[in-house]
Amino acid sequence: MQFPGRRKKVIGSSQNDLYDHCLQFYGQPPLENISLTEFETFAVERLKLLKSVENIGVSYVKNSEQYVKKLDAEFSSLNFPLRTELGDRRVQGGTSEYEKRRKDHISHFILRLAYCQTEDLRRWFIQQEMDLFRYRFGELTSKHKTDFLHKNNLKYETVSAEEKKSLKDKLITSSYGLSGITVEEYDFYKVPFQDALDLVRTRKVYLLAGNAYIPHHEIVTIVLNDFRTRLSKALAMTARSLPAVQSDERLQPLLSHLSHAYVGQDYSIQKNMGKISLEQIDALSGKSFPLCMRHLHKALRENHHLRHGGRMQYGLFLKGIGLTLDQALQFWRSEFVKGKVDADKFDKAYAYSVRHMFGKEGKRTDYTPYSCMKVILSNPPSQGDYHGCPFRHSDPELLKQKLQNYKVSPSGINQILELVKGMHYQLACQKYFELTHNVRMLFILACSNWACFCQLRDSPAKSFTEPAIVFTSAISLKSYRILICEVLYSALRFINPLIHSVCSKYRSFLTIYEQHG
Amino acid sequence: MSTSDYDPACLPDLLPLYYRRLFPFSQYYRWLSYGGVSKNYFQNREYQSFTTQNELEKEMQKMVPYKIDIGAVYSHRPSQHNAVKSGTFQALEKELVFDIDMTDYDDVRRCCSAADICSKCWTLMTIAIRILDRALREDFGFHHLLWVYSGRRGVHCWVCDDAARKLSVAARSAVAEYLSLVKGGEETVRKVVLSDPIHPFINHSLSVVERYFQQYAIVDQDILGSKESVDKVLAVLPEDILSFPDLAVSFKDEKDPMKRWNLLCDLVLRKKSNSKKGGQYFDKEIMLQYCYPRLDVNVSKGVNHLLKSPFSVHPKTGRISVPIDLKELDTFDPFEVPTISLICEELEKPRAEEAEEDDMKDKENEQEAGERRRIRDYKRTSLAKYVKVFDRFLEAMARSRKGEMLKKSDLQKDF
């Protein structure tokens, strides 16, 4: 005798079944027909969303209040599902929840097609989708979280109240930040230790009989690992079936446009054209350029030459900060001629590529300067190259030396190296910028909001476009406070050296004040 | 004398005897072949693999291996290695193993160094076994652990649960890192850093260490005796404790190491009232730095790593790598472990009358005779009790496998 198998879900017959949770693992591809317009719109909107996720993630600490607020705003404006119940309620003529979820589902799969092709694209896509997922999962209520886990076969049981009570002390001491009350109130999940390796490795979780007891706010890490594994596998599979999709002429142009699209703030060149003179470049390279460009400029001056990767990265940067085509040609020619290239050869071989950068040759694309992500992720430098991101591509020892040469303080260098170790290359660059602009930068951060500075962070070119903001006066409140504390602390420790210490501190305080006052 | 002088030069003569009459093949084969999958062993960097016990026996008796190392179960027979595409030839299963080597403690033991061991420092192995055994069983839920004396200066642990054998490299390294507390090489002075909250695993480990610390560290190793070793201990203390002026004075006045230790522990209380953060568990850190097990993460991580087999002979000491009975752990003496010379000598001793009867039975059935003879043989030697430990371990595994199979077939039953 056979028992009937589980009733199969018939797609489309019950809308509520298919999208009964606002969050999903994207296990099943959509099986309906959609118009090309919808195909394109959905894809572009999700791409915008992912780019926002990326940008907001660079500017704010992930999952902090500001981060969440910013992302919330993006979600509403782009019409993606967030937390609401499925009830097919229309928000005053806007899209229903069901429609939002459908868009979420379909757009994810379309982007898989666009982003499965290369290692870089896959990595980027997985990273943003994971950040997106983490954010959305974090916004769910406890009940919805458990629902989600069960619906997706993550059969992690919650720990019973009695067990929690008997293990209370152990649970409190095994994770940071838990108290008796939180242990009682929060849900704990029992997860086989093999699914929680990161927590096991760092001993941040209680283990008993092969199970890790995970507090509910950590369960997202487990779920994320699962998400990453599934998505990674899926992308590999998608890549294999891609040729079939690409042969469809209607889709092919859209898909390739999606993976190369620069969907972000467009800072047009016209705005900055003609704002700097060639004579200023040397001085500015030391004072205001981001480290990568400072490095390239120095190499160019020393060797009177740069290879292709370096020419592209630096050349487009110079364009971005306002060099005109004529200025650029003059700049490159004068430098190369000092080396092994004579003027004729320059005009024949290199001038073309400078004009190409400005959109005056070939297919006449007015290329935009490289974004940080591009510099970090693609085209790593090899021997003889000077391009790339020094925080990503330099050996930490060499980076340290370089920073020492540029008079960055030892504690500052350590902070930077920590960020590099954690792979926060853009934050490391930001820190370098703060440290080399010293007091002034702190003041900016203290009184203006992050948005100002954040606009500077999107690409190396942008970090330079608004020099006016950086040059203001007055010592920052923060530095002043630190100074006073140091003086007091020294006073408490030593009696004799007190006078000496206060005097020298006062002296240095005055110097700083004078310089920037 | 329990060990009988062992001379490495005799090894070529003794080994064939060992493999012919003493090596516990049937148990060994049982162990190697659970799961019905063939295993390999390596000799002179040659892959060998076997499908029956007879094959194994014959091959080993022919080869007379000096070293037996055990590796992973592979998806194809290793002799096909070159023929099979490289990606598909992968290690499928391997026990989770741990290797504790006494040389890793050279910076904290004063009695010996390098390959030497003595009864004073052997306590470190006892501590290591207790801590790791508890953690692997209680925290990770493993059941089938075989602890083996390496024959010279350390112990190995073979975790043989199915779940353990299927662990990925990442999982193995996570387990090894969870179990690691002593970090840092020659350049690091303070190798154990504890901060709030203290994980239950650390507390469990500390309670084991505390049981042995006074006798082992203060008395046997005398870490607070001479100036040199006192300095080493003090080097680990946080700065603000060192700056207590009475510390130096009291150490000058008080010569009794035990009282000196108590002085240090008193300072812990004073430290707690001091608001400066960091280093408030320095007494525990000292105990752990001097006693906590030091394992080589790479040995446990690598699925392709080889580890010396139980019942192999250590060429330098002649001792057999015997399983350790945890019930008698505190009385285990590495110097009482039989050498190959000893057990071969014991073989030659005159046999009792029952032996004559058994010989008669043998003549009747030649096939089983060989095996029975072998069993009787090792039972007459000091090897016997160690083979018993191995037997018990294998029986426990067999029982649990039977239980698993019953469960599985229950689940699959159709009504």
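User: Is A:Cys389 buried or exposed, and what is its relative accessible area?

Analyst: This is a predicted model, in which local features need pLDDT of at least 70 and side-chain atom pairs count only at pLDDT 80 or more, while totals for chains, interfaces and linings use all residues. Residues are numbered from 1 along each chain as its sequence is written, chains are lettered from A and ligands numbered from 1 in the order in which they are written, and side-chain values use heavy atoms, with hydrogens and water left out. A residue is called buried under 20% relative accessible area, exposed over 50% and partly exposed in between, using a 1.4 Å probe and protein chains only. A:Cys389 falls in the buried class because its relative accessible area is 10%.

User: How far away is the nearest cysteine sulfur to A:Cys389?

Analyst: A disulfide is a covalent bond between the sulfur atoms of two cysteines, and here it is taken as a pair of cysteine sulfur atoms within 2.5 Å. A search of the whole structure finds zero disulfides over all chains. A:Cys389 is accordingly in no disulfide, and the nearest cysteine sulfur, which belongs to A:Cys292, lies at a distance of 6.4 Å.

User: At which residues does UniProt place the feature "binding site", and what is the largest C-alpha distance among them?

Analyst: The unreviewed UniProt entry gives this feature at A:Cys292, A:Cys372, A:Cys389 and A:Cys429. These residues are spread over 138 residues of sequence, yet they cluster in space, with a largest C-alpha distance of 10.1 Å. The UniProt positions are in the numbering used here, feature names are shortened, and annotations may be inferred rather than shown by experiment.

User: In which helix is A:Cys372 found, and what is its relative accessibility?

Analyst: Helices (H or I, at least four residues) and strands (E, at least two) are DSSP runs, numbered from the N terminus. A:Cys372 belongs to helix H18 (residues 372–377) of chain A, and it counts as buried because its relative accessibility is 12%.

User: Which residues does A:Glu129 touch?

Analyst: A:Glu129 lies in helix H5 (residues 119–138) of chain A, and it counts as buried because its relative accessibility is 1%. Contact means heavy atoms within 4.5 Å. Not counting residues up to four places away in sequence, A:Glu129 touches A:Tyr26, A:Arg46, A:Leu50, A:His108, A:Phe227 and A:Leu231.

User: Which residue stands opposite A:Val191 in S4(A)?

Analyst: Two strands pair if DSSP finds at least two bridges between them. Strand S2 (residues 188–192) of chain A has four of its five residues buried, and two antiparallel bridges join it to strand S1 (residues 157–158) of chain A. S2(A) also pairs with strand S4 (residues 211–215) of chain A, in the antiparallel sense and over five bridges. Within S4(A), the residue opposite A:Val191 is A:Ala212.

User: Which strands are at the edges of the open sheet of three strands in chain B?

Analyst: The sheet has the order S6-S8-S7, with antiparallel pairing. An edge strand pairs on one side only, and that is the case for strand S6 (96–101) and strand S7 (145–149) of chain B.

User: At what angle do helices H7 and H12 of chain B pack?

Analyst: Axes are lines fitted to C-alpha atoms, for helices over the stretch in contact, and angles run from 0 to 180 degrees between N-to-C directions. Helix H7 (residues 200–220) and helix H12 (residues 282–291) of chain B have their axes 9 Å apart and pack at about 75°. That makes H7(B) roughly perpendicular to H12(B), since angles under 35 degrees count as roughly parallel, over 145 as roughly antiparallel, 65 to 115 as roughly perpendicular and the rest as oblique. The packing angle asked for is therefore about 75°.

User: Which residues does the cis peptide bond with omega of about -15° join?

Analyst: Most peptide bonds are trans. With omega of about -15°, the cis bond joins B:Asp196 and B:Pro197.
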